[in-house]
Amino acid sequence: MMWFEDLTTESAKTITVSLSKELPPEPVFDSKYRRAPSRGYSLNHDQTVLAVKNALRYVPEALHSKLAPEFLDELLTRGRIYAYRYRPKGAIKAKPVDEYKGILEARALQVMIDNNLDFDVALYPYELVTYGESGQVCQNWMQYQLIKKYLESMTDQQTLAVSSGHPVGLFPSHRNAPRAILTNGLMVGMFDTPEAFNQSCAMGNSQYAQMTAGGWMYIGPQGIVHGTYITLLNAGRLYLRIPDDQDLRGRVFLTSGLGGMSGAQAKAIEIAGGVGVIAEVDKTRVDTRLQQGWLRKYSADLDEVFRWVDDYRKRKEPVSIGYYGNVVDLWKYVVDNNTKIDLSTDQTSCHDAYGGGYTPQGVTFEEGRELLKSDRAKLRRLVDKSLRTQFELIRTMTQRGTHFWDYGNSFLKAVFDAGVKAVAKNGVDTTAGFVFPSYVEDIMGPICFDYGYGPFRWVCLTGRKEDLAETDRTALSCIDPKKRGQDRDNYIWIRDAEKNALVVGSQARILYADARGRVRIGLEFNKRIREGKIGPVMLGRDHHDVGGTDSPFRETANIKDGSNITSDMAHQCWAGNAARGMTLVVLSNGGGVGTGKAINGGFGLVLDGSERVDTIIRSSLDWDVMGGVARRAWARNEHAIETAVEWNREMLGAGHITLPFIPKTGLVEDLVKRTLGKV
Ligand SMILES: NC(=O)c1ccc[n+]([C@@H]2O[C@H](COP(=O)([O-])OP(=O)(O)OC[C@H]3O[C@@H](n4cnc5c(N)ncnc54)[C@H](O)[C@@H]3O)[C@@H](O)[C@H]2O)c1
């Protein structure tokens, strides 16, 4: 026996938390549910050996000879080892918190994990992908089982460490420490490349977590509806000068995409009171949104579409109208007919324009899919031509008064890649940005994040609808709709949330709120729990927020002091949340924009009605937001300075944000010009 085999035998005796020695039954797949495509097999011989050995670390030795070939087969055919056999049979659902084993916080985490893997919620439930094509809860079902075992046995003096889905172990800590510390996909700088990362994932050492997938805080599509609603309203205020107390009634919004995130546009434009026309080439997507009630009506006939538009616009009635066809044809129609369009964007999947994300004008969705398989070069030529045409049409409309913005889907970059230099601000390259703004740069950043408003959310852990209704009422009572336009929007959102039937999966709610609002709502919820009016609640947020995420193309796109390529803020936010006693803290690479392009973090905080938790709410929710505001203020963002000044005043010495001194306009510019000469 080799020395390490000996060690293995010895170490096996100390393993008290492990998977069973019994082989689980063969996996069964229900064909009703979408499956993740193969991620591709690109490992060499040695890496393949490592990948299989790595997966076998989770299972008792007696099962190795049976499972090794199965794992190898999964790796070769699916590009990953998911250990399908270890998936619990049938549907996974977030059960009421009392039906799980363990201390409250650990049971709450099990609710959150199971919700992320619900057939009705997850994109590819068998591959543990919650959303965003590849955002996983953990890498494989063995990790899922082991995490569950740890959570079931954890005490309130222990912390579970989880690295990219791998439960590292339970470690002694203390009552106010996080119960779970999660990280995902973090790579050492020089290896932070898509290639090294993908290899690492295939070998079972890393995973792509998106944001709330690997952060165990996804609450279904309502999260994105609220964000889209806010973006649309604020676009109206900014570009159309609509007063704060009005909505988009009688205004027309043109866009594309009824897919994963883009589908939220249909629901959001109706809630915002406007008339929306949304082009979609895939009939199944149109049908899904119609059945769901998020899209009111659709037609493939543009004359009919615009007869409806006219009618609703005149009556100032909200509606979402699908155009089953290509968005370029839609743009051409409005140019040819000189139709008035107020607001517009594009939400085709241009981050992957040549890989099927954008269907070019002149081909159907099905023909586009066929070209993807048979002639990628031709598809690429058609995509480029179509994007060039679309850009010209948009430009014509913007000259006539339509406002257009990029919706974080890399549309403008795709136009540039298609050969249109005129889309770049400097007419040469993309370093100075584009001729149209992006939604975070113009809208979400200055109007929401700089004030501290972001996607706060909660889950009623009992799973009771009545609890959610009570939390909605409680949150409503915490908002002063007269304070700012943003508060009015949030007030209306939460007032109408139940009526808008947004829940998919657990009884959860999203509500944009600023630091003060979040603390107030958190304390009120905790009080209601203490009084026995509702059961325990999990607070959290999307990572697409004020301080949790450093992402130069999105969340930190309106940070203009050159620091938007650093990720200190996200790290600070995460560590600060851990120090203040959040139940769960998570820090991940990528999210939304891709690995290496962002660092994002989030949290979960279980409210149990105790005064101990009141203290955590006060310090951690405030820090979570104000750390981000402080960074934005330091970058000289006007509203962030205003918010930080207010906070400094309120804290009266209990806290202090460092604020920038700002030189007089021209002082530095003139000095540099005089010294260096005009460049
Ligand atoms: N909504 C947001 O807040 C948000 C934020 C950041 C990024 N995004 C980006 O928006 C894009 C869309 O996201 P998604 O999850 O909806 O993707 P998706 O692929 O599910 O949906 C895009 C839809 O566009 C349709 N489409 C493609 N080309 C078309 C064309 N020429 N005409 C009409 N329809 C066409 C597709 O059939 C598809 O249904 C992505 O690039 C995403 O990264 C969205």
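**Figure 1. Domain 1 and domain 3 of the predicted model, with centres 28 Å apart over C-alpha atoms.** The structure shown is a predicted model. The protein chain is divided into domain 1 (3-202), domain 2 (222-437) and domain 3 (444-651). Across the boundary shown here, 31 residues of domain 1 are in contact with 26 residues of domain 3. On the domain 1 side, the elements that give two or more residues are α4 (104-116), β5 (180-184) and α6 (194-202). Helix α4 gives the most to this side, with 7 residues. By class, the residues of domain 1 that touch domain 3 divide into 18 nonpolar, 7 polar and 6 charged.

**Figure 2. The shell of residues around the ligand.** The ligand is surrounded by 31 residues, of which the closest are Gly-259, Gly-260, Ser-262, Gly-408 and Asn-409. Two elements, α7 (222-240) and β7 (275-280), each supply at least two residues of this shell. The largest share, 3 residues, comes from α7. The shell comprises 17 polar, 11 nonpolar and 3 charged residues.

**Figure 3. An open sheet of 6 strands with parallel pairing.** The strand order is β8-β9-β7-β6-β10-β11. Strands β8 (297-299) and β11 (403-404) stand at the edges with a single partner strand each, so one side of each is left without a neighbour in the sheet. The partner of β11 shown here is strand β10 (residues 343-344), and the two pair in the parallel sense over 2 bridges. Within this pair, Ser-344 stands opposite Phe-404 in β11. Helix α8 (residues 264-271) packs on the sheet, where α8 touches β6 (252-256), β7 and β9 (319-324). The direction of α8 makes about 170° with that of β7.

**Figure 4. Strand β14 (residues 537-541) and its covered faces.** Strand β14 is mostly covered, with 5 of its 5 residues buried. On one side lie Val-537, Leu-539 and Arg-541, and on the other Met-538 and Gly-540; these residues are all buried, and both faces of the strand are covered.

**Figure 5. Antiparallel pairing of β14 with β12 and with β17.** Strand β12 (residues 454-460) and β14 pair in the antiparallel sense over 5 bridges. In this pair, Leu-539 of β14 is the bridge partner of Trp-458. Strand β17 (residues 599-607) also pairs with β14 in the antiparallel sense, over 4 bridges. Here the bridge partner of Val-537 is Leu-607 in β17.

Key
Residues are numbered from 1 along each chain as its sequence is written. This is a predicted model: local features need pLDDT of at least 70, side-chain atom pairs count only at pLDDT 80 or more; totals for chains, interfaces and linings use all residues. A residue is near a molecule or strand if its C-beta atom, placed from the backbone, lies within 6 Å of it. Ala, Val, Leu, Ile, Met, Phe, Trp, Tyr, Cys and Pro count as nonpolar, Asp, Glu, Lys and Arg as charged, and the others, Gly among them, as polar. A residue is buried if 20 or more other C-beta atoms lie within 10 Å of its own, exposed if 12 or fewer, and partly exposed in between; C-beta atoms are placed from the backbone. Two strands pair if DSSP finds at least two bridges between them. Two residues are in contact if their C-beta atoms, placed from the backbone, lie within 7 Å. Axes are lines fitted to C-alpha atoms, for helices over the stretch in contact, and angles run from 0 to 180 degrees between N-to-C directions. Domain bounds come from an automatic or database domain assignment.
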